[in-house]
Protein chains: 4
Amino acid sequence: MEIGFLGLGIMGKAMSMNLIKKGFKVTVWNRTLSRCDELVEMGASVGETPAAVVKKCKITIAMVSDPAAALSVVFDKDGVLEEISSGKGYVDMSTVDPETSSKISEAITSKGGSFVEAPVSGSKQPAEAALLVILAAGDKIGNGARMKLVVNMIMGSMMNAFSEGIVLADRSGLNPSDLLDVLDLGAIATPMFKGKGPNMIKSNFSPAFPLKHQQKDMRLALALGDENAVSMPIAAAANEAFKKARSMGLGDLDFSAVHEVVKQHKD
Amino acid sequence: MEIGFLGLGIMGKAMSMNLIKKGFKVTVWNRTLSRCDELVEMGASVGETPAAVVKKCKITIAMVSDPAAALSVVFDKDGVLEEISSGKGYVDMSTVDPETSSKISEAITSKGGSFVEAPVSGSKQPAEAALLVILAAGDKIGNGARMKLVVNMIMGSMMNAFSEGIVLADRSGLNPSDLLDVLDLGAIATPMFKGKGPNMIKSNFSPAFPLKHQQKDMRLALALGDENAVSMPIAAAANEAFKKARSMGLGDLDFSAVHEVVKQHKD
Amino acid sequence: MEIGFLGLGIMGKAMSMNLIKKGFKVTVWNRTLSRCDELVEMGASVGETPAAVVKKCKITIAMVSDPAAALSVVFDKDGVLEEISSGKGYVDMSTVDPETSSKISEAITSKGGSFVEAPVSGSKQPAEAALLVILAAGDKIGNGARMKLVVNMIMGSMMNAFSEGIVLADRSGLNPSDLLDVLDLGAIATPMFKGKGPNMIKSNFSPAFPLKHQQKDMRLALALGDENAVSMPIAAAANEAFKKARSMGLGDLDFSAVHEVVKQHKD
Amino acid sequence: MEIGFLGLGIMGKAMSMNLIKKGFKVTVWNRTLSRCDELVEMGASVGETPAAVVKKCKITIAMVSDPAAALSVVFDKDGVLEEISSGKGYVDMSTVDPETSSKISEAITSKGGSFVEAPVSGSKQPAEAALLVILAAGDKIGNGARMKLVVNMIMGSMMNAFSEGIVLADRSGLNPSDLLDVLDLGAIATPMFKGKGPNMIKSNFSPAFPLKHQQKDMRLALALGDENAVSMPIAAAANEAFKKARSMGLGDLDFSAVHEVVKQHKD
């Protein structure tokens, strides 16, 4: 069975490669078509447009960067909607807000197609290692998106707390590497601290999950909280730190680059 | 070798029991002496005062609740200082601020005694299971205390972020238990979320690490940041949430009881 | 000249009454028409629909509660758009976001009408006393709305700071009334503290500017900041306090009712 | 009657000059004695030490920078305590915490002297214009200090809110000067916004009330809140912004220099 794959960013590239490695035939499309080359070398075909991919494949997966892009690949000219039909499935694995998911779902199903909302939890490394957690919502469209926002909100607040801890350790005369060792032994050990910590100490912020996307998820999670009258002071403070990082030009780095804001000082 | 143990709260009781189980002879003391009974049944001796314990034992460990208590067992009448001397060691495993540690260290060493500052990371369960992480600072008195504060500060902020996530999930129509499952699979899985989450959902806050102690550690960590001009907005917001919990009468419950403040609402 | 007035809430009622007192002929409309009765007694005419009002009047003013209502009176069936035309003016004095203002402006001007965006700064009392500050943006549609959001954002943060001060004074053994006296003599004396303070101390929160509207303005101001990468931690913390107040069922009281959240405690 | 005056910083200089202008004979002392020269030209005498000033004067006023300095002029060698006695009065107008006030009060009264705690609300300009608000606590020692902390806490939070508003206005395309005009007409008009606003827009932060002192007062106010279990999230967020400003080397500028932190961004 041929599988279509729309979007070859950090995540999409790793995910489509894994499909090929597992033996699936894959047809890929990306806005900048040259990003398809590496996949082609591994055996993928290329579709010229999202519509062309859907026409060819029974199941098409999308993994694009934000709600605007998710809507664009579906609704624009040469988009998914032009070829989706009964018997064809469309799986959107992008992180979007529940409203975007609902719009796409309605459009796909009104044409007879099947829709699954399946955002993933995890970034570059888990994607490459085929270890992503997939939050498929089935009939409860919007729940996968909501769950993703809640998880990323907690993650964004934790990243800020972690960064504050590293800076406090450093400025009070402790070795930040010792802090990482201590954290790894205790009740708040987590793969994120272990994975990101050493790079943060070295000011290495090559992007696994870009800061501007993390901040977007904080904003969407806070908006979800606003709708439901949930007060979230920690998430709000973390969001403002990510906004400060954006204003400092760090939006395209990894979201751990908020560390640059936290540690900023003058001697 | 006889080991002295001062302070039989949640932590001290579990730790001294483990010493007995490992075959050490232990002499215990507690401000309220009746708390020694359970240890006596397991084979411990009782010292009438801290001084009496130090007189009898080559090494005495203290595990008391706060800086004031840590100073009191050393400096008050019938305190550690009256009997400490060359050849005797004193290990303070309480969580205190660096200044308190330094005062105690100077007093002990001026009498010829040896002092080790060794706060622990972990609460009731790890204490009972002999799985505490011990932050022994050796010559760098104050560093163990500092490290402990940094770790607990991160932990307190994480607890708030976690609680906000549970409430956001619940109020936006997700099942909070599903959130726990999703978290446990991903990059921010941590023993604390796994251990505390199910109890928080059931509003079970029996104290492993009392909220008032967590808030004290947040306060001390923020003070350490103030000294070193480290701005920590997440920790500050978390501290205010813990203070709100204290003002609501939740100080003696587990620190996860901050969840009661976060979820508070009227329909 | 006949002036139309759409929306007779707290603000609109006071404003249309002032127009009548100044000798203008006024035709009013309100979603719940019975709210027009008091104005009719003072000499106003009633329009059955927004369209009917615009048909009759050269200039029509709208003062409704939120962006959704502002759009509704213009675009819905029997709305302003059906009768607006060259030679007629439409003045929207509601507090809305810049996008809403732009949409309305485009629709009105495409029909040949003139549009002025003119949100007001001030609540019930200044409205009744004809002392509102009008932020008319002229050609720069959206700027009046933006200015209003900035002012209300500062006001919302100040209200929280003020409330925290009253509670801190009270709980540390000072007389909150003395605080009001001291504030009134110094560099941060402001009509708001003088006007709202005594009522807050008496827990009197009858609505001049409803809390849910203040929180909406905080949210819109934060969204404006997000667009422009402006980090605003104080506004964010204040917004979360207002959200907590909403979740406690205080949304319809005056925005000073956030004081109930700040002072909440158990002895 | 001869009046003694200890401490000739920004505030003390202006205050002692006003005493001379009003016809009082004044004997001044300052740690760096050369700062006395300007006062001597106006007719003041100089005391070599605090003790010498107290010996000569029936009433001695102190206006020093922080609790440590307030304790030092009283308790150190050649300090106030050496010469205070029955029939002599000591008025401390410095901003200190309640504990410091109590210590000084006890020491002075145990020697038979009279003590008045009288911190002032106001900075350079009101001091020069003889318009300071004096918070004299009379018998309730500590209350003046507490009131001062509450007022300064509100002021510090307001300054942050104001700064956020100016930056938001500027980045969303409004003229910050227009914002100042609008604020000055409405319910949140205040001398501070009017006085500081134009300088902030011009990045002029010459110190009337140094930022490091404002941050110290925020810290002391938060500590007072901690003692009394008062949760103050706005003050806590403002305090962290002031700490960030300190870490950026802005501690000696006016407290409005927190504006530099708020507006910091990269294009």
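User: How many residues of chain B are in contact with chain A, and what makes them count as being in contact?

Analyst: The model is a predicted one. In it, 52 residues of chain B are in contact with 52 residues of chain A. They count because contact requires heavy atoms within 4.5 Å.

User: What area do chain B and chain A bury between them, and on which atoms? Which three residues of chain B supply more of it than any other three?

Analyst: The two chains bury about 4300 Å², and 79% of that area lies on carbon and sulfur atoms. On the side of chain B, B:Glu164, B:Leu168 and B:Ile234 supply 16% of the area buried against chain A, more than any other three residues.

User: Which helix gives the largest share of the side of chain B that touches chain A?

Analyst: Helix 7 of chain B does, with 19 residues. Helix 7 (143-171) is one of the elements that give two or more residues to this side, together with helix 8 (176-185), helix 9 (191-201), helix 10 (211-227) and helix 11 (233-247) of chain B. By class, the residues on this side are 36 nonpolar, twelve polar and four charged.

User: How many salt bridges and how many residue pairs in polar contact are there between chain B and chain A?

Analyst: The count of salt bridges between the two chains is zero. Polar contacts are counted separately, and ten residue pairs are in polar contact, both residues being at pLDDT 80 or more.

User: Why are chain B and chain A said to be related as by a two-fold rotation axis?

Analyst: Chain B is superposed on chain A by a rotation of 179° with 0.0 Å of shift along its axis, at an RMSD of 0.2 Å. The two copies are therefore related as by a two-fold rotation axis. In chain B, the C-alpha nearest the axis belongs to B:Thr190, 2.4 Å from it.

User: How do you know through which surface the copies meet?

Analyst: Of the interface residues of chain B, 100% are also interface residues in chain A, so the copies meet through the same surface.

User: What area is buried between chain B and chain C, and which three residues of chain B supply more of it than any other three?

Analyst: About 790 Å² is buried, of which carbon and sulfur atoms give 42%. B:Lys244, B:Met248 and B:Gln264 supply 54% of the area that chain B buries against chain C, more than any other three residues. Eight residue pairs are in polar contact between these chains, both at pLDDT 80 or more, and the count of salt bridges is zero.

User: Why is the pair of A:Asp226 and C:Arg246 called a salt bridge?

Analyst: The closest N and O atoms of A:Asp226 and C:Arg246 are 3.0 Å apart. That value lies within the 4 Å cut-off, so the pair qualifies as a salt bridge. The pair crosses between chains, from helix 10 (residues 211-227) of chain A to helix 11 (residues 233-247) of chain C.

How values were computed
Residues numbered from 1 in each chain as written. Chains lettered and ligands numbered in written order. Predicted model: local features only at pLDDT ≥ 70, side-chain atom pairs only at ≥ 80, totals over all residues. Heavy atoms only, no water. Buried area = accessible area lost by both parts, 1.4 Å probe. Salt bridge = Lys/Arg side-chain N within 4 Å of Asp/Glu carboxyl O. Polar contact = N/O pair within 3.5 Å; in protein donor to acceptor, adjacent residues only side chain to side chain. Helix = DSSP H or I, 4+ residues; strand = E, 2+ residues; numbered from the N terminus. Nonpolar A, V, L, I, M, F, W, Y, C, P; charged D, E, K, R; others polar. Least-squares fit on C-alpha atoms with pLDDT ≥ 70 in both.
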